[in-house]
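Subject: Structure handover and notes

Dear colleague,

Please read them with the model open beside you.

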Amino acid sequence: MVKQGKLLEVQDLQKRYGKNNNITKALNGVSFDILPGEFLGIMGPSGSGKTTLLNCIATIIKPTSGRVLLNGENISAFDSKDLAEYRGSRIGYLFQDFELLDNLTGKENILLPLSIHGVDFGKARAKLNELAGFLEIIDILDKFPSQMSGGQKQRVAAARCLIADPDIVLADEPTGALDTRSARTLMNKLEGINQNKERTILMVSHDPNAASFCSRILFIQDGVLFHELRRKQDESREEFYDRILKVMAQLGGGSANVL
């Protein structure tokens, strides 16, 4: 359920690369809000700026101008201590290629964020058991990443990004390295986390199947927002998927619409 009030506010975000006559505008004045409990998708062609946008929100890269506010706080004004807390516990980042440490077991990878922040072991274990049960990874917790399938690795990575109870989960092409079956399993789990655990998710994807699990999608092209698509209350995922395909076919037309 989406709650009232703004969780995340992106205000006139711009990111430029290069100098003088060789400037590339990766983001050119992007603005939008996310409400608590939303499952928001960001879609667009390669080079459209969608991953740059996600990385600005994650503070992996610094925008040229504009602001990102989380619960009303301007993250660009954070000092190093506040930034460490923001990255470590207020956001969870789900990478396309898992980013698991090969020399740690699934359990150790998941618990790593909590151990870094000195969370009580008993509390950490309770969270681990809850997430592992929901994500159906209990039987691989003692395995190393080399012993896991791609889908299992991504669900372990999902548990790791959720273990610290972040305000928002940022997912960058989370199904990009998965086969169709594993991708569907992961998206069903993310949808369950969003609906049953009321987690807010911001997902970048080029995959209309993955995007059809979202409640709202923003389409970005050439660094600006191009379309906004909302899933209707009584709309099936298949119907929403069809509308996503229509918007993707329109990309390049240059008109801004809400469909």
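The chain has eight helices and eleven strands, where helices (H or I, at least four residues) and strands (E, at least two) are DSSP runs, numbered from the N terminus. Please keep in mind that this is a predicted model, in which local features need pLDDT of at least 70 and side-chain atom pairs count only at pLDDT 80 or more, whereas totals for chains, interfaces and linings use all residues. Residues are numbered from 1 along each chain as its sequence is written, and side-chain values use heavy atoms, with hydrogens and water left out.

**Overall shape and surface**

The radius of gyration of the chain is 18 Å, which agrees with the value near 18 Å that a compact globule of 259 residues would have; the radius is taken over C-alpha atoms, and the globule rule is 2.2 Å times the number of residues to the power 0.38. Along the principal axes, the C-alpha atoms fill a box of roughly 50 × 45 × 35 Å. Of the 259 residues, 51% count as buried, a term that means under 20% relative accessible area, with exposed meaning over 50% and partly exposed lying in between (1.4 Å probe, protein chains only). The accessible surface comes to about 12,600 Å², of which 47% belongs to carbon and sulfur atoms; these areas come from the Shrake-Rupley method with a 1.4 Å probe, and for residues only the protein chains shown count as cover.

As for contacts (heavy atoms within 4.5 Å), among those between residues at least 6 apart in sequence, 71% join residues at least 24 apart.

**Charges and salt bridges**

The chain carries 32 positive and 32 negative side chains, and the centres of the two sets lie 2 Å apart. In that count Lys and Arg are positive and Asp and Glu negative, while His and the chain ends are not counted; the place of a charge is taken as NZ of Lys, CZ of Arg, CG of Asp or CD of Glu.

A search of the whole structure finds twelve salt bridges, each being a side-chain nitrogen of Lys or Arg within 4 Å of a carboxyl oxygen of Asp or Glu. One of them joins K127 to D165, with the closest N and O atoms 2.9 Å apart. This pair links distant parts of the chain, since K127 belongs to helix 4 (residues 121-135) and D165 to the loop between helix 5 (150-162) and strand 7 (168-172), 38 residues apart. K127 is buried, with a relative accessible area of 16%, whereas D165, at 36%, counts as partly exposed.

E130 and K197 also meet in a salt bridge, at 3.1 Å from N to O. E130 lies in helix 4 and K197 in the loop between helix 6 (180-196) and strand 8 (200-204), so the pair ties together parts that are 67 residues apart in sequence. Both count as partly exposed, E130 at 47% relative accessibility and K197 at 36%.

In a further salt bridge, K189 pairs with E136, and their closest N and O atoms are 2.8 Å apart. K189 is in helix 6 and E136 in the loop between helix 4 and helix 5, which places the partners 53 residues apart. K189 is buried at 13% relative accessible area, while E136 is exposed at 52%. Elsewhere, salt bridges that share partners join E38, R216, E228 and R230 into one network.

**Buried helices and residues**

Helix 1 (residues 50-57) has seven of its eight residues buried, so it is largely enclosed by the rest of the structure; the buried ones are K50, T52, L53, L54, N55, C56 and I57. Just after helix 1, T59 takes a positive phi of about 65°.

In helix 3 (residues 106-116), the buried residues are G106, N109, I110, L111, P113 and L114, and they pack against helix 4 and helix 5.

S212, in the loop between helix 7 (208-211) and strand 9 (216-221), is buried at 0% relative accessibility. Leaving aside residues up to four places away in sequence, S212 touches R231, R237, F240, Y241 and I244. Finally, R243 lies in helix 8 (residues 237-250) and counts as buried at 17% relative accessibility; R243 and P208 are 35 residues apart in sequence and 9.6 Å apart in space, C-alpha to C-alpha.

With best regards
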